[in-house]
Amino acid sequence: MQRGASAESMRNITKHEGRCCIDQFFLFLCYCKCGLFEKDLSIRFNVSVPTVSRIIITWANYLYHILGSLPIWPTRAQVNEHMPECFTSMYPQTRVILDCTELRCQTPSSLYVNSQMYSHYKSHTTFKGLIGITPSGAVCFVSQLYSGSISDNAITAQSGIVEMLNENDDVMADKGFTISMLLSEKGATLNIPPFLSSKRSQFSEEEVEATQSIARVRIHVERAIRRVKEFHIFDSVLPLSLAGSVNQIWTVCTLLTNFRGPLF
């Protein structure tokens with residue numbers, strides 16, 4: 001769908017719903033940022049609950065298209081230009097920092113679907129997504145949501161992030177991302193904290209320093225995820241009735257964090 005077509009559809013919906021665009025946009029932001037229920041919003045905006053539902057779905061799709069068309073994946077030169085000093089001294093080839101996060105969702109009645117969506121980490125059924133940020137802290141990649149049982153390695157392989165990397169790029173991640181072989185196919189390198197082998201009871205001094213060094217800079221992706229979680233729609237268990245729009249809402253909320261200014 002083209003931008004002009006999207007704008008035209010929004011004008012038609014505005015007329016149909018009887019609310020101006022800014023009111024509809026504000027309603028959608030209240031829904032996402034404050035986590036207000038549709039019944040609450042219908043009272044606050046003096047519209048019916050079905051109208052609130054239609055406005056939320058419409059704006060989720062519209063913003064998903066508009067924000068999704070923005071070129072958020074920077075070139076190698078752009079990454080280098082804005083590389084913070086904490087990276088230039090130790091990890092100058094870093095292209096992206098990756099981490100996954102999970103959103104609790106309603107337990108499905110199907111035992112099979114429940115087993116696919118159950119996360120042992122959260123002890124609940126969840127949706128799971130992958131986020132990537134540049135060394136300067138801007139969100140440069142957001143995956144679609146997957147079922148909660150998927151591993152970090154599988155979500156990395158399926159999300160398409162590897163295809164966006166170039167030769168000699170470094171990817172920084174947590175220990176759960178054992179994706180060295182996957183990255184080697186693109187000539188990229190993985191930076192993760194060292195593992196403690198079964199033959200040793202403690203890390204060496206060099207390994208402790210490496211762990212602390214990576215942790216000091218990798219923490220920024222967790223701060224970026226915290227910004228996303230500040231959209232309080234994600235505080236409560238997401239109903240399965242939202243499954244048709246949850247990818248759009250997740251992506252929009254994640255990309256909107258880039259408009260808050262520098263992460264650090």
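Reader: In which helix does Gln 248 lie?

Author: Gln 248 lies in helix α11, residues 246-256. Helices (H or I, at least four residues) and strands (E, at least two) are DSSP runs, numbered from the N terminus. This is a predicted model, in which local features need pLDDT of at least 70 and side-chain atom pairs count only at pLDDT 80 or more, while totals for chains, interfaces and linings use all residues. Residues are numbered from 1 along each chain as its sequence is written, and side-chain values use heavy atoms, with hydrogens and water left out.

Reader: Is Gln 248 buried or exposed?

Author: Buried means under 20% relative accessible area, exposed over 50%, and partly exposed in between (1.4 Å probe, protein chains only). Gln 248 has 15% relative accessibility and therefore counts as buried.

Reader: Which residues is Gln 248 in contact with, leaving aside its neighbours within four places in sequence?

Author: Contact means heavy atoms within 4.5 Å. With those neighbours left aside, Gln 248 is in contact with Ala 60, Asn 61 and Tyr 64.

Reader: How is the packing of two helices described?

Author: Two packed helices are described by the angle between their axes and the distance between the axes. Axes are lines fitted to C-alpha atoms, for helices over the stretch in contact, and angles run from 0 to 180 degrees between N-to-C directions. Here the axes of α2 (residues 21-34) and α4 (residues 49-68) come within 9 Å and cross at roughly 90°. The two helices, α2 and α4, are therefore roughly perpendicular to each other; angles under 35 degrees count as roughly parallel, over 145 as roughly antiparallel, 65 to 115 as roughly perpendicular and the rest as oblique.

Reader: Which residues of α2 and α4 meet?

Author: From α2, Cys 21, Gln 24, Phe 25, Leu 27, Phe 28 and Tyr 31 meet Val 52, Ile 55, Ile 56, Trp 59, Ala 60 and Leu 63 of α4. Eleven residues of this contact are nonpolar, one is polar and none is charged. Ala, Val, Leu, Ile, Met, Phe, Trp, Tyr, Cys and Pro count as nonpolar, Asp, Glu, Lys and Arg as charged, and the others, Gly among them, as polar.

Reader: Which residues of α2 and α4 are buried?

Author: In α2 they are Gln 24, Leu 27, Phe 28, Cys 30, Tyr 31 and Cys 32. The buried residues of α4 include Val 52, Ile 55, Ile 56, Trp 59, Ala 60 and Leu 63.

Reader: How many residues has the largest nonpolar core?

Author: A nonpolar core is a set of buried Ala, Val, Leu, Ile, Met, Phe, Trp, Tyr and Cys residues joined through side-chain atoms within 4.5 Å. The largest has 49 residues, and those with the most contacts inside it are Leu 41, Phe 234, Leu 238 and Ile 249. Among the elements that give two or more residues to this core are α2, α4, α10 (205-229) and α11. Its largest share, seven residues, comes from α4. Not counting residues up to four places away in sequence, Leu 41 touches Leu 27, Cys 30, Tyr 31, Leu 36, Asn 46, Val 52 and Ile 56.

Reader: Where does Asn 46 lie?

Author: Asn 46 lies in the loop between α3 (38-44) and α4. Its phi is near 55°, a positive value in a residue other than glycine. With a relative accessible area of 67%, Asn 46 is exposed.
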